[in-house]
Amino acid sequence: MSFSDSPTLEVKDLKTYFFTKGGIARAVDGVSFSVGRGKVLGLVGESGSGKTVTGFSILGLVDEPGRIVSGEILYRGENLVSASMGRMRELRGLNISMIFQDPMMTLNPVLRIDTQMIEAIQAHEKISKDDARQRARDVLGQVGIASPDERLRAYPHQFSGGMRQRVAIAIALLNKPDLIVADEPTTALDVTIQGQILYEVQKLCSQTGTALIWITHDLSVVAGLADDICVMYAGRIVEQGSVNSVLDNPRHPYTHGLISSVPSRNRRGVPLAQIPGMAPSLLKLPKGCSFGPRCPQVTADCGIIPNISMLDKGRQLRCHNPLDALVSPKLKD
Amino acid sequence: MQSALVVVIMSFIVFSGVFLVGDPVEILVSDDADQEEREMMIKSMGLDKPFLVQYGIFISKAVRGDLGDSFVFQEPALLLILDRMPATMELAVVALLIAIIFGIPLGVWAGLKPESLASKSIMTGSILGFSLPTFWVGIMMILLFAVLLGWLPSTGRGDVQIILGMPISVFSWDGFSHVLMPAVNLALFKLSMVIRLARAGTREVMHQDYIKFARAKGLKESRIILVHVLKNILIPVVTVLGLEFGGLVAFSVVTETVFAWPGMGKLLIDSIGLLDRPIIVAYLMIIVFLFVFINLVVDICYSILDPRVRLEDIKS
């Protein structure tokens, strides 16, 4: 196997469970996917579908009472599930970095920006404070922060939400990682800033070959950004494939429902479709296919968890009654 | 401005409070004095005038820095107290240091591993620190360390050296051995409080996103705890400790009495026994000033620790 062909990250049958007093919550239950160099993977799903826990599992940051129960997370062939704490610390921030959802909470309020950036560099290499500051300044400029020299001396509360997220993204980029896990990084931002950040991240990925896992519930973001897409529901991936084929031709009723609930110019005047019901509690999942109770296509077969079926062009699907290509709405345009 | 008002109001409350407590003449005048001597005594102390006039005289003198002469020692009350102040301050500072040096690490540790046996022992110990009465612990310490084991002297203050114009005893071994027991005794309550504050703060901060983000940056656990966690929990600890330092000075009375420590608290207790009004009033006034001053210092410390309360913004 040649080095350049192997994916940057390969997740195989990952299971991360939370052992709570109320029972076992299977937050991530048998998830598999891979991301290649310079590629963007969109991980899409509702709140509580396990997408954030998947991200934390990759970095080994799942908090008690959660635990990776089984599966493999292969970073360039190295299994991170069995890696030591020390090895994970080396990888985090240097090879794999993460951007969090809420920019107001990710920066330590009592430390200056330069402190928080320089420590991220010095944690991984022997470098003088001045050189580290120089690099921090350059990266801040790169993510579009004006007068970075002055900004380095500021505290987080002196920044707006959008600026803080740029700082958090800059911190994620500091050590030029191979992989960035971005957990809804633009959800808390307004649409203009979101567009700018998406553009910058995309540019960086194509320039540096960084692989990106973009976790979001916003299909329109994924449509413009990702190469591949995984749709998660209640801890499982229900459908995955290249972004165009999945969005143009969703086969799983859940994916179809998600796409239909995005406003579109083509369906003017028609009430917006919605998926009936709510995402189930992970402690009380319905038997069989977890989407069954909300699914318009549900049949008696759905009492058994459907297996993953392989379709053409690398598409995967977990459904007994997949939709026909013809009923699919269009997200684009 | 606000502080000045507090001082004025306090002076009135203190003065009238002491006025109501009892008549010092009964105690100070010897039993075999005749009526004429009594009258003279009362007149010389200014106790023949109505209350408001006495208060007026007190205030007009007080603004010039004269808080009256002690009935017993016939010396300015202020000087008598200031003379004893370094001993009390020394005791309070040593106690405060003990509370910080031991309280913060123990509290942080208990906060990091809330389920461990050590953490539970620390918390149980801190309940004892809260609930055991200071005087009893003091007496038990004397019994154990001074009487039974004979390691430490039981009472008094050790050799005093003049350092920076202040008589300080803690830098000599003799002085240190004398100050250790009363300081630990005085610190016990504050130590328990610091442990609890640090533990609660640590548990709260550890669940914040920025700690997880710090981990995601690949920082060493030691840096996360010593920089990211510690600086955040210092904010409540400094606030409370600063305010409590006033209490430490003001209410070291019990400890000073148990260990016969020659500080202001001891002087106060003696003066209350003798109804030496000027000293009681002067003592309370000094404590009021101390509290106002400490409040100011805490505010300054707060702004150093927490950038969000700093008023000036960065110039853009």
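A search of the whole structure finds zero disulfides over all chains, a disulfide being a pair of cysteine sulfur atoms within 2.5 Å. Before going on, a word on the source: this is a predicted model, in which local features need pLDDT of at least 70, side-chain atom pairs count only at pLDDT 80 or more, and totals for chains, interfaces and linings use all residues. Residues are numbered from 1 along each chain as its sequence is written, chains are lettered from A and ligands numbered from 1 in the order in which they are written, and side-chain values use heavy atoms, with hydrogens and water left out.

Back to the cysteines. A:Cys289 is buried, with a relative accessible area of 13%, while B:Cys301 is partly exposed at 31%. Here buried means under 20% relative accessible area, exposed means over 50%, and partly exposed is in between, with a 1.4 Å probe and protein chains only.

Next, the aromatic rings. There are nine aromatic pairs over all chains. Rings of Phe, Tyr and Trp (its six-membered ring) pair if their centres lie within 6.5 Å; planes under 30 degrees apart count as stacked, over 60 as edge-to-face and the rest as tilted. The ring centres of A:Phe100 and B:Phe213 are 5.4 Å apart with planes at 85°, so this pair is edge-to-face. A:Phe100 lies in the loop between strand 6 (96–99) and helix 3 (103–106) of chain A, and B:Phe213 lies in helix 9 (residues 209–216) of chain B, so the pair joins two chains. Helices (H or I, at least four residues) and strands (E, at least two) are DSSP runs, numbered from the N terminus. Both A:Phe100 and B:Phe213 are buried.

Another edge-to-face pair is A:Tyr254 with A:Phe291, at 5.1 Å centre to centre and 65° between the planes. This pair links distant parts of the chain, 37 residues apart: A:Tyr254 is in helix 11 (residues 253–260) of chain A, and A:Phe291 is in the loop between helix 11 and strand 11 (309–310) of chain A. A:Tyr254 and A:Phe291 are buried. Ring pairs also link A:Phe56, A:Phe100 and B:Phe213 into a cluster.

A:Phe100 comes up again at A:Pro185. Among the residues that A:Pro185 touches, not counting those up to four places away in sequence, are A:Ile99, A:Phe100 and A:Trp214; contact means heavy atoms within 4.5 Å. A:Pro185 sits in the loop between strand 7 (179–183) and helix 8 (191–208) of chain A, and is buried with a relative accessible area of 0%.

Last, helix 12 of chain B. Which residues of helix 12 (residues 264–273) of chain B are buried? They are B:Met264, B:Gly265, B:Leu267, B:Leu268 and B:Ser271. These cover an arc of only 155° around the axis, which puts them on the same side of helix 12 of chain B; the arc is that of the directions from the helix axis to the C-beta atoms. What covers the buried residues of helix 12 of chain B includes helix 5 (77–112), helix 10 (221–250), helix 11 (253–258) and helix 13 (277–305) of chain B. After helix 12 of chain B comes B:Leu275, with a positive phi near 50°.
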